[in-house]
Amino acid sequence: MLTDTRIRNSKPTRKPYKLLDGDGLVLVVNPNGSKLWRRRLRVLREGKWCETMYAIGKYPDVGLAEARDKAADAFKLAKQGINPAIHRKAHQARTALDQAATFKALALDWMKDKAKSWTTATERQRRRLLERYILPKLGDLPAGDVNSPAVKSVLDAIHKAAPAQTAFARQMISATMGEAIIAGLTDTDPVYVLRNRHRAPRTVHARPLDAKELKPFFAALDGAPGQDRNRLAVRLAFW
């Protein structure tokens with residue numbers, strides 16, 4: 001049986017050699033100094049049992065205890081007629097697919113495409129909404145798990161901090177969920193039922209000057225220096 005001390009003290013030679021641990025688990029020490037875990041197995045290929053060396057990982061990334069656990073798992077799969085190497089590749093493919101199906105992945109892809117038609121200022125504003133408020137709560141969720149309560153929580157936070165931005169955030173989330181629907185990841189847009197939940201703040205315009213205010217205003221304009229004159233001129237422009 002191997003020990004961590006023996007593994008650490010093993011030195012490379014001109015040719016690869018193996019350190020045996022037991023139950024088919026070996027550590028291959030290569031001339032370049034790399035140490036690779038392998039497990040000897042009999043796997044089913046095209047209806048026939050064949051000998052193979054299953055790659056477990058590299059030491060010290062995979063320690064002795066972990067290598068033994070993975071070797072045992074591989075042996076159990078092989079006994080069931082499942083090739084552990086193929087099983088691992090399938091698992092990695094599913095993991096990659098799951099990561100591509102997260103709300104974050106879809107949102108970033110949507111924004112990358114949409115930003116082509118935005119101004120720099122608009123893109124900066126939308127990205128700030130996404131990174132500060134939306135992704136921290138929704139980003140890691142599979143798109144199919146994004147529901148109305150989760151979206152409402154995001155919109156509530158935005159409406160409290162910057163109510164004028166709530167509508168933009170709602171549009172962004174809805175557009176992302178639209179991409180999820182197209183990809184077959186979900187059947188519904190959880191934003192729809194929230195479409196009237198957060199009202200935009202009412203815009204209050206400056207009151208126009210009445211007739212009795214005009215004379216004092218122009219007098220102030222004539223006597224105002226520099227920047228004050230400019231500010232008063234702007235006030236007149238909105239009258």
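Predicted model: local features only at pLDDT ≥ 70, side-chain atom pairs only at ≥ 80, totals over all residues.
Visitor: At what angle do helix α5 and helix α7 pack?
Guide: About 65 degrees, with the axes of α5 (residues 120-138) and α7 (residues 166-182) 10 Å apart. The axes are lines fitted to C-alpha atoms, for helices over the stretch in contact, and angles run from 0 to 180 degrees between N-to-C directions. Helices (H or I, at least four residues) and strands (E, at least two) are DSSP runs, numbered from the N terminus. Residues are numbered from 1 along each chain as its sequence is written, and side-chain values use heavy atoms, with hydrogens and water left out.

Visitor: Is the crossing of α5 and α7 left-handed or right-handed?
Guide: α5 crosses α7 in the right-handed sense. A crossing is right-handed if the near helix is turned clockwise from the far one by less than a right angle, and left-handed if anticlockwise.

Visitor: Which residues meet there?
Guide: On the α5 side they are Gln125, Arg126, Leu129, Leu130, Ile134 and Leu138, and on the α7 side Phe168, Ala169, Met172 and Ile173. Contact means heavy atoms within 4.5 Å. By type, the residues where α5 contacts α7 are 8 nonpolar, 1 polar and 1 charged. In that count Ala, Val, Leu, Ile, Met, Phe, Trp, Tyr, Cys and Pro are nonpolar, Asp, Glu, Lys and Arg charged, and the others, Gly among them, polar.

Visitor: And how many residues does the largest nonpolar core have?
Guide: The largest nonpolar core has 25 residues, and Phe103, Leu130, Ile134, Leu138, Val151, Met172 and Ile173 have the most contacts inside it. α4 (103-114), α5, α6 and α7 each supply at least two residues of this core. A nonpolar core here is a set of buried Ala, Val, Leu, Ile, Met, Phe, Trp, Tyr and Cys residues joined through side-chain atoms within 4.5 Å. Buried means under 20% relative accessible area, exposed over 50%, partly exposed in between (1.4 Å probe, protein chains only).

Visitor: What is Ile134 in contact with?
Guide: Setting aside neighbours within four places in sequence, Ile134 contacts Phe103, Leu129, Gly139, Val154, Ile158, Ala169, Met172 and Ile173. Apart from that core lies another, of 18 residues, including Leu2, Val43, Tyr54 and Leu64.

Visitor: Switching topic, how many salt bridges does the structure hold?
Guide: It holds 5, a salt bridge being a side-chain nitrogen of Lys or Arg within 4 Å of a carboxyl oxygen of Asp or Glu. One of them joins Arg68 and Asp21, at 2.8 Å from N to O. Arg68 sits in helix α2 (residues 64-79) and Asp21 in strand β1 (residues 17-22), so this pair ties together parts 47 residues apart in sequence.

Visitor: Is Asp21 buried or exposed?
Guide: Asp21 is buried, at 5% relative accessibility, while Arg68 is partly exposed with 31%.

Visitor: Which residue does Lys152 meet in a salt bridge?
Guide: Asp156, again at 2.8 Å from N to O. Lys152 and Asp156 are 4 residues apart in helix α6 (residues 148-161), so about one helical turn separates them. Lys152 is partly exposed, with a relative accessible area of 30%, and Asp156 is partly exposed at 30% too. There's also Asp113 with Lys116, whose closest N and O atoms are 3.9 Å apart; Asp113 and Lys116 are both exposed.

Visitor: What does Arg39 touch?
Guide: Not counting residues up to four places away in sequence, Arg39 touches Asp23, Gly24, Leu25, Thr52, Met53, Tyr54, Ile56, Ala71 and Phe75. Arg39 is in strand β3 (residues 35-45) and is buried, at 10% relative accessible area.

Visitor: And how many helices and strands does the chain come to?
Guide: 9 helices and 4 strands. Of the 239 residues, 29% count as buried.
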